[in-house]
Every structure is written in structure tokens, then in C-alpha cells.
Amino acid sequence: MLSPNVRELGFERVDGVPFDFQAGQWVSFVLPLPDGEGRRAYSIASAPDGSPGLAIAVTKVEGGPGSTFLHDLPEGATVRAIGPQGFFTRPRGTPQPSLFIGTGTGVTPLRSMILDALGSGDESPMTLLFGVRHPEDRLYVEELTALAARHSNLRVEYTLSKPPGDWSARHGYVQTHVEELWRDLESKNAGPPHAYVCGLERMVGSVRDLLRKQMGIERKQVHSERYD
Ligand SMILES: Cc1cc2nc3c(=O)[nH]c(=O)nc-3n(C[C@H](O)[C@H](O)[C@H](O)COP(=O)(O)OP(=O)(O)OC[C@H]3O[C@@H](n4cnc5c(N)ncnc54)[C@H](O)[C@@H]3O)c2cc1C
């Protein structure tokens, strides 16, 4: 468990062939659900490393058959998956200041992009703005904190929509903090920033509107993935 309601699952291709994908892509799982076979998409949380493996992180949705199946899946089980799929990717090898904005498990493709970028020596300024309700809902905190400490080009900011009384850092929805963090990336004069936004439709739509309509950012600089 990465948090009280998010389970991380690691899979490996049964044929042992390297699983070739780009950071930010997703995989469609074909699951035996109570009403018959069903497909559910999950972003790849791990970075491409030439191995047969991949990891996903699944939020348990109340009454949701797909996420419940994956939360109950025993170790060693085999599932069918189709992929990789999707175009929510960040160009590799091209420096690009990036503002990653994710809520809940929407952070997973962003984690993959960040690990991939840092692993390939990308020194572009990168900021991750990660929104959840409670402190314990934050995923990969230790890893992200360590990465930000090791790489001066990575900044990690959390915002809580339901902060406890003793929380003195950022709070409120991610939308509250987007403009400030975008301007900070712009001020580094490293080229036009790009935004990578991932999570549920309400947040993604609202952040896109903020960037595109209120801040006038060009369409080609705003990339997004919706989970619902
Ligand atoms: C491209 C893509 C990538 C995705 N990647 C992930 C991922 O990495 N991790 C993940 O947990 N889900 C992810 N999803 C959502 C996932 O495919 C399923 O929709 C989710 O697991 C719910 O399926 P279910 O059968 O349990 O519930 P259903 O009965 O199908 O209920 C669906 C409802 O659950 C809600 N929901 C869906 N996803 C979430 C979520 N992550 N957090 C809270 N509520 C949610 C929505 O309101 C949606 O209407 C992704 C979806 C897409 C389209």
C-alpha cells in the first residue's frame, strides 16, 4: 500500500521480453469482473528501464469492480494487459522546463516522466505540484523528497485540500498554486515551460482552463490525461 487506499502492483511479462514503453503511457488491463470481462486503463508508474516489468498504482474506488479486483489480486497472479498506449509523453533528450500537476494516482505518469528525465541527465527545471486530501494520501513522498534533495533542477510541492491543523505548507486545490509555480519556471529563462496535468476530469479541466483561458498559455504547451 502506498497510502490508505492506493495499492502499488508490479507486473512482469510472462515471456520475459523487455516491456518497451515511454514515460507517461498507460496499459489496458483485461479483467474478469463480476459482469464479464472488462478493461481498465492504468498509467505506468515506473520508468522505462529495459526490463520486462512495470508498476501501476491503483486507487480503490468505492464499489468499483476493476480497482477492487486489483486491490484483491494475490501475489503471483497472471493478468492480461494490452499496451503500452497513449500520447501523454514528454520529449526525451530535449530540455524543457516542465510543471507537472497531478492529484491522487494522477501523479504516477508524472513520476515516470520525472524518473526518466532525471535518469537520462535532463537538467531542465522541473516542478511537481501534487495535490491530495490528507498528508497520508501523498504517494512516493520519501522518494520524491530524496530526488528533490539530490537534483537541484527538481522542486516538489504538495498541497492538501483537507489539511490537518498542524499543516503549515500549501493547502487548497492545485489550481490555487499553478500560476505562481508556472511564473517561477518562466523566470528561470530556460525556454517556454510545458504543463503536464493528470487526474480526474474536474481537476484537469479546471487547470487547463486556468492555463489556456486565464493565463493565455498556448495549446502546444499544455498536455493532459484524464482518468474519468
Ligand atoms: C488513461 C487512463 C489512465 C488511468 N490510470 C489510472 C491509474 O494509474 N490509477 C488509477 O487508480 N486509476 C487510473 N485510471 C482509472 C481506471 O481506469 C478506472 O477507471 C478506475 O480504477 C475505476 O475503475 P472501477 O472498475 O474500480 O470503477 P468504475 O465502476 O469503473 O467507476 C469509475 C469511476 O471511478 C472514479 N475514478 C476513476 N479513477 C479514479 C481514481 N484514480 N481515483 C478516484 N476515483 C476514480 C471516477 O469517478 C469514475 O467515474 C485511468 C484511466 C484512464 C482513462
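**Salt bridges and a domain interface**

Reader: What does Lys 188 count as: buried, exposed or partly exposed?

Author: The relative accessibility of Lys 188 is 43%. Buried means under 20% relative accessible area and exposed over 50%, with partly exposed in between (1.4 Å probe, protein chains only). Lys 188 therefore counts as partly exposed.

Reader: What kind of model is this, and how are residues numbered?

Author: Local features need pLDDT of at least 70 and side-chain atom pairs count only at pLDDT 80 or more, while totals for chains, interfaces and linings use all residues, as this is a predicted model. Side-chain values use heavy atoms, with hydrogens and water left out, and residues are numbered along each chain as its sequence is written, from 1.

Reader: Which residue meets Lys 188 in a salt bridge?

Author: A salt bridge is a side-chain nitrogen of Lys or Arg within 4 Å of a carboxyl oxygen of Asp or Glu. For Lys 188 the N to O distance is 3.9 Å. The partner is partly exposed at 23% relative accessibility, and it is Asp 184.

Reader: Which salt bridge is found between domain 1 and domain 2?

Author: An automatic or database domain assignment gives the bounds, with domain 1 at 6-85 and domain 2 at 98-226. The count between them is one salt bridge. Its N to O distance is 4.0 Å, and its side chains are those of Glu 8 and Arg 111.

Reader: What area is buried between domain 1 and domain 2?

Author: Buried area is the accessible area (1.4 Å probe) that two parts lose on being put together, summed over both. Here 15 residues of domain 1 are in contact with eleven residues of domain 2, contact meaning heavy atoms within 4.5 Å. Carbon and sulfur atoms give 54% of the buried area, which is about 990 Å².
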